Amino acid sequence: WPGRAVPAMPGSRCPRPALPVLRWLPRYSRAWLPLDLLAGLAVGLTAVPQALAYAELAGLPLQYGLYSSFMGCFVYFFLGTAKDVTLGPTAIMSLLVSSYAFHEPVYAVLLAFLSGCIQLTMGLLHLGFLLDFISCPVIKGFTSAASITISFNQIKNILGLQGIPRQFFLQVYETLRRIGETRAGDAVLGLTCLAALAALRVMKSRLPRAASAEPLAARISCWIVWISATARNALVVLFAGLVAYSFQVMGSQPLTLTGSIPRGLPAFRLPRFSVAAPNGTIPFQSMVEDMGVGLAVVPLMGLLETIAIAKAFASQNGYRIDPNQELLALGVANILGSFVSSYPITGSFGRTAVNAQSGVCTPAGGLVTGALVLLSLAYLTSLFYYIPKAALAAVIISAVVPMFDAGIFRTLWRVKRLDLVPLCVTFLLCFWEVQYGIVAGVLVSGILLLYSIARPPIKVSEGDVLFVQPGSSLHFPAIECLRDTVCSRALAASPPHSVILDCCHISSIDYTVVVGLAELLQELRKHGLSLAFCGLKEPVLQVLLSADLEGFQHFPSREEAGEALGCPWCSLGMLMSGALEDEPGGLTFVKA
C-alpha cells in the first residue's frame with residue numbers, strides 16, 4: 001500500500017487471488033495495526049453523527065442511518081481495492097433516497113437491494129465503462145446543485161420550523177414566509193455548531209506538521225488539535241447533546257430533539273418485496289413502478305461517486321484500483337446491507353479523506369469503524385435522544401458546502417464555453433427534480449458528442465486537385481457532411497477537380513460510410529472526376545477492399561495519389577500556398 005515499504009509479492013506473475021483481501025492480508029505488517037486502528041476510530045467518530053444526520057436528510061427514522069453504516073465497512077474489507085475508501089450513507093445518496101423512497105423505510109431498503117443487484121451485474125459484465133458517458137460538467141452541475149438544495153433543506157432544522165415541504169422552490173417560499181416562527185434556541189445552537197465546525201475545519205487545514213525534533217509538549221498539542229479537528233462532528237454533536245441534556249434537567253427545553261431511537265442491532269432478513277397500505281397490499285411490481293427512474297439514477301450515481309473517490313485517492317497516494325472490482329464490492333455491500341435494513345450506500349468523500357489523513361494502511365481500518373457503529377447501536381442509542389436536530393443539520397451543511405464548485409463556471413467559460421450548456425442544464429433542473437437534471441444533462445452531453453461525430457473537422461485544400469483530410473474517424477452520421485463538402489467544392493471549381501481523400505486520421509469506418517463512399521465515387525465519376533484514397537490504415541483498407549467498390553484506388557502517400565491523378569507535385573504546392581480559414585464544418589484550406 002502507498003506510503004509503506006511493501007516488498008513485491010513473490011510470484012507476481014501468477015494470477016491474482018479472486019478476493020482482494022488475499023492480496024494484502026498475507027503480508028500485513030504489525031506496524032500497520034496502530035495506524036489502521038487510529039484511522040478506523042477517527043472515521044467511526046465521524047460516521048456515527050453523520051449517519052444520524054443523513055437519515056434525517058433521507059426522510060427516514062434515524063436508526064436507519066446507523067443500520068446503513070456498518071455493512072459496507074465489513075464488505076469492503078474483503079472486496080475493496082482502495083485502502084482509503086469507506087462505504088456508507090452520504091448526503092447525495094440520502095437526497096436521492098428522499099426522492100425515490102418517499103420517506104418509507106420499506107422502499108428505501110428495497111431500493112438498496114435492487115441497486116446492489118444492478119451494480120453487481122454491471123461489475124460481473126465489466127460495464128463500468130458506461131460511467132464514462134456521464135461527463136464532468138454534468139457531475140459538477142449535479143453536485144453543486146445538490147450542495148445548495150441539501151443545505152437549504154436543513155435550514156428548517158436550524159430555525160426549528162416544522163412542516164416545510166420537500167420540493168426546493170416550495171421550501172424556499174415556506175421558509176421565508178414562516179421565518180417569524182423561528183425558535184431562538186434552535187437557531188442559536190445551530191449557528192454556533194456551524195461556526196464551530198467551520199473553525200475546526202480551518203484549524204485542521206492550517207495545522208503545521210509537527211517535526212520529530214520539536215519538544216514533546218508541542219507534538220502532543222498538535223496531535224490533540226488534529227484529533228479534535230478530525231473528530232469535529234462527534235465533538236460538536238456531543239457538545240450540543242450536553243447542552244440539551246442540561247436544559248432537560250433544569251425543566252425547560254428550548255431545543256428540538258432527535259427523540260427516541262430503538263436500541264439494538266437490526267434483524268438479518270430479506271428485504272420486503274411488498275408493503276401493506278390502508279387500501280390493500282402494494283405488490284413488488286407496483287413498488288418498482290413507483291421508484292421508476294430511481295432504479296437507474298441511484299445505482300449509477302452510487303457507482304460514479306464511489307469510483308470517482310477511489311480513483312482520486314488512489315492517484316493521490318500512488319496506487320491503482322480495479323474499477324470493476326469496485327463495482328462488485330459496492331453491489332455486494334448494498335445487497336447484504338439491505339438484509340440489515342440499510343438504504344443505498346456509496347463511497348463517502350468526507351470520511352475517505354479522514355481515513356487517508358489518519359494514515360490508514362489497509363482496508364482493515366473499516367473493521368474498527370463498523371465495530372464502533374455496532375457498539376453505538378447496541379449501547380448508545382438512549383443517549384442519542386438528546387441530540388438536537390439543529391446540531392445534525394449543522395453537520396450536514398458543513399459536509400455539503402464544499403461540494404459547491406463556483407470556480408467550474410469560470411473555468412469552463414475560459415476553457416470551453418460549449419461545456420457550460422450541460423453544466424447549466426443539469427444545475428438548474430436539479431432544483432426542480434434531481435432525476436430531471438441528471439437525465440437532461442446526460443442527454444445534452446450526448447447530443448454535443450454526437451454533433452462532434454456528425455460534423456468532424458475537415459481540411460480542404462484546392463490546387464490542381466482537391467485535397468480533403470477528415471480530422472477524425474468516420475462514422476455513419478458524418479458521411480453526408482463529407483459527401484456534401486467534397487461534391488460542393490470539387491464541382492464548384494473551374495474546371496471541376498478530382499479529389500484525393502487523405503485518411504491518415506481515420507482508424508475505423510462502418511458500413512454506412514462504405515455505402516456513402518461508393519455513392520461519392522459514382523457521383524464524381526458522372527462528372528468525369530476521380531477519387532483517390534491515400535494514407536489508409538490497415539483496418540480501414542481491409543473494410544474497403546472487402547466492399548469491392550467500383551473504381552476504388554488507393555495509394556500509400558499523397559504524392560503517389562497526385563501522380564496517379566496527373567498532378568505530381570500538387571500536395572507540396574497546396575501546402576506551400578494554402579491559407580487557413582475557419583468554416584462551420586471544420587478547418588478549410590483555400591488557395592492563396
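Phe133 lies in the loop that runs between helix H6 (105-124) and helix H7 (136-153), where helices (H or I, at least four residues) and strands (E, at least two) are DSSP runs numbered from the N terminus. Together with Phe129, Leu130 and Leu449, Phe133 forms a nonpolar surface patch of about 390 Å². The structure is a predicted model, in which local features need pLDDT of at least 70 and side-chain atom pairs count only at pLDDT 80 or more, while totals for chains, interfaces and linings use all residues. Residues are numbered from 1 along each chain as its sequence is written, and side-chain values use heavy atoms, with hydrogens and water left out.

The chain is divided into domain 1 (35-210 + 220-277 + 290-403), domain 2 (406-454) and domain 3 (458-565). The C-alpha centres of domain 2 and domain 3 are 35 Å apart.

The largest pocket holds about 1,000 Å³ of space. Pockets and cavities were located on a 1 Å grid over the protein atoms alone: a cavity is a set of points where a 1.4 Å probe fits but cannot get out, a pocket is an open set with protein on both sides within 12 Å along at least five of seven lines, and lining residues have an atom within 4 Å of a point. The lining of the largest pocket comprises 36 residues, of which Phe349, Gly350, Ala399, Pro402 and Met403 lie nearest the centre of the pocket. Among the helices that each supply at least two residues of this lining are helix H2 (33-58), H7, helix H10 (184-205), helix H16 (349-357) and helix H18 (389-400). By class, 18 lining residues are nonpolar, 11 polar and seven charged.

Three cavities of 30 Å³ or more were found in a search of the whole structure. The largest cavity contains about 70 Å³ of space and is lined by 13 residues, with Tyr76, Val85, Thr86, Pro363 and Gly366 nearest its centre. Helix H4 (71-79) and helix H17 (365-380) are the elements that give two or more residues to this lining, and H4 gives the most, with three residues. Seven residues of the lining of the largest cavity are nonpolar, five polar and one charged.

The second largest cavity contains about 60 Å³ of space. Its lining includes Val43, Ala47, Ala51, Cys73, Thr86 and Arg351. Two or more residues come from each of H2 and strand E1 (87-88), and H2 provides the largest share, three residues.

Key: Patches are made of residues with over 30% relative accessible area and no salt bridge: like charges are joined within 9 Å, nonpolar side chains (Val, Leu, Ile, Met, Phe, Trp, Tyr) within 5 Å. Accessible areas come from the Shrake-Rupley method with a 1.4 Å probe; for residues, only the protein chains shown count as cover. A salt bridge is a side-chain nitrogen of Lys or Arg within 4 Å of a carboxyl oxygen of Asp or Glu. Grid points are joined across faces, edges and corners, and a volume is the space filled by probe spheres set on the points. Ala, Val, Leu, Ile, Met, Phe, Trp, Tyr, Cys and Pro count as nonpolar, Asp, Glu, Lys and Arg as charged, and the others, Gly among them, as polar. Domain bounds come from an automatic or database domain assignment.
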